[in-house]
Amino acid sequence: MQLPLIKNPIQLGDFKKLARDLTLVENDLAGSEDLLKELGPSDTPVIGITGPPGAGKSTLVNAMINNLSAQGKSIAVLAIDPTSPFNLGSLLGDRVRMSEQFNKPNVYIRSLATRGSLGGLSGKTIEMTDILKSSGFDYILVETVGVGQSEVEIAGLADISVVVLVPESGDEIQSMKSGLMEIADIFVVNKSDREGAEAFANNLKKLVHQRTEIIPVINTIAEKSTGIEELMQVIKDQPFKNNSRRTFLLAEKAWKLIQHEKMKNISRIKLHEEISIASVDPSFNLYRFIDKILGSIKHS
């Protein structure tokens, strides 16, 4: 893959404006729609990092940043964190594991909460990635929540999808075949200093050789930066593909945006309060409740 040269190098001072733009988009604040409509095309590659919980994705991303930064590349990272389905709070643990990157003038890291999204991506990942793509970075890394097969969303967003596994994933390979196993452009067997790592990597290589397209399998020990050089070279060598999955992701996003536009007058907090009151009634019926809400929208 031929990477574009940096056209407008990001300076540290520009990060404040970038942060404001991302906040506008993430929170649907005034001006965000106009900002998105003004975005032009970009050839900045988006690298998706996904895989099950505990695979060491954040540590791997941290090592990738170190490698790219040493080459003088500028890197933007969207680190998507899981949130509570009840209070939508997020741990933002990725910020801890990437703390050494915060003072680098060519690295920008943004944590993003899923806010109830059940897939691997946040509801605002596409828009925020598009903002970053227009900002002149050499690379954009998107680290997704490790939630299993629903992480196939990343395959629609990323130009290259890196699936991170660990030796203990061996018993799960067959169950993952229809999910993560189908979206990978590159497999990384992280924590390869653990027992059984070589056997697991070999079994994975045999499995991917059954496909028409050979997928690289790279062994890494991210916390020691072992294998990172090889991984970055494989990423560089990957050709850009016509990502057919992106059409499906964009269609789904268009559907959600249309839904959002239709429902912008409905307050989620107020809806929660109304359901809390109404559901106490023994005769409460969710579908009649929804019908009542929809009726109020039509007449508003």
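## A walk through the predicted chain

Ser99 counts as partly exposed, because its relative accessibility is 43%; here buried means under 20% relative accessible area, exposed means over 50%, and partly exposed lies in between, using a 1.4 Å probe and the protein chains only. The place of Ser99 is the loop that runs between helix H4 (94-97) and strand E3 (107-113). Helices are DSSP runs of H or I with at least four residues, strands are runs of E with at least two, and both are numbered from the N terminus. Ser99 and Ile109 are 10 residues apart in sequence, and their C-alpha atoms are 9.7 Å apart in space.

Before going further, a word on what you are looking at. This is a predicted model, in which local features need pLDDT of at least 70 and side-chain atom pairs count only at pLDDT 80 or more, while totals for chains, interfaces and linings use all residues. Residues are numbered from 1 along each chain as its sequence is written, and side-chain values use heavy atoms, with hydrogens and water left out.

Let's step back to the whole chain. Its secondary structure comes to 13 helices and seven strands, and 45% of its 300 residues are buried. A contact means heavy atoms within 4.5 Å; of the contacts between residues at least 6 apart in sequence, 77% join residues at least 24 apart. The accessible surface is about 16,100 Å², and carbon and sulfur atoms account for 55% of that. Such areas come from the Shrake-Rupley method with a 1.4 Å probe, and for residues only the protein chains shown count as cover.

Where is empty space left? Rolling a probe the size of a water molecule over the atoms shows this. The second largest pocket holds about 450 Å³ of space. Of its 19 lining residues, Glu33, Leu36, Lys124, Glu127 and Leu257 are the closest to its centre. Helix H2 (32-37), helix H5 (125-133) and helix H11 (244-262) are the elements that each give two or more residues to this lining, and H11 supplies the largest share, six residues. By type, the lining divides into eight nonpolar, three polar and eight charged residues. Nonpolar covers Ala, Val, Leu, Ile, Met, Phe, Trp, Tyr, Cys and Pro; charged covers Asp, Glu, Lys and Arg; the others, Gly among them, are polar. As for the method, a 1 Å grid is laid over the protein atoms alone, and a pocket is an open set of points where a 1.4 Å probe fits, with protein on both sides within 12 Å along at least five of seven lines; lining residues have an atom within 4 Å of a point. Grid points are joined across faces, edges and corners, and the volume is the space filled by probe spheres set on the points.

Thr44 is buried, because its relative accessible area is 5%. Which side chain does the side chain of Thr44 meet in a polar contact? That of Ser42, at 3.2 Å. The Thr44 side chain also reaches the backbone oxygen of Phe137 at 3.3 Å. A polar contact is a pair of N or O atoms within 3.5 Å; within protein one must be able to donate a hydrogen and the other to accept it, and residues adjacent in sequence count only if both atoms are side-chain atoms.

Two backbone angles deserve a look. Most residues other than glycine have a negative phi. Asp28, in the loop between helix H1 (14-26) and H2, has a positive phi of about 55° although it is not a glycine. Ser225, in the loop between strand E7 (217-219) and helix H10 (228-237), also is not a glycine, and its phi is positive at about 65°. Asp28 is partly exposed at 38% relative accessibility, and Ser225 is partly exposed at 42%.

Finally, two residues within helices. Ser69 lies in helix H3 (57-70) and is buried at 17% relative accessibility. Leaving aside residues up to four places away in sequence, Ser69 touches Ile75, Lys104 and Asn106. Gly156 sits in helix H6 (153-157) and is buried, because its relative accessibility is 2%. Gly156 and Gly48 are 108 residues apart in sequence, with 9.7 Å from C-alpha to C-alpha.
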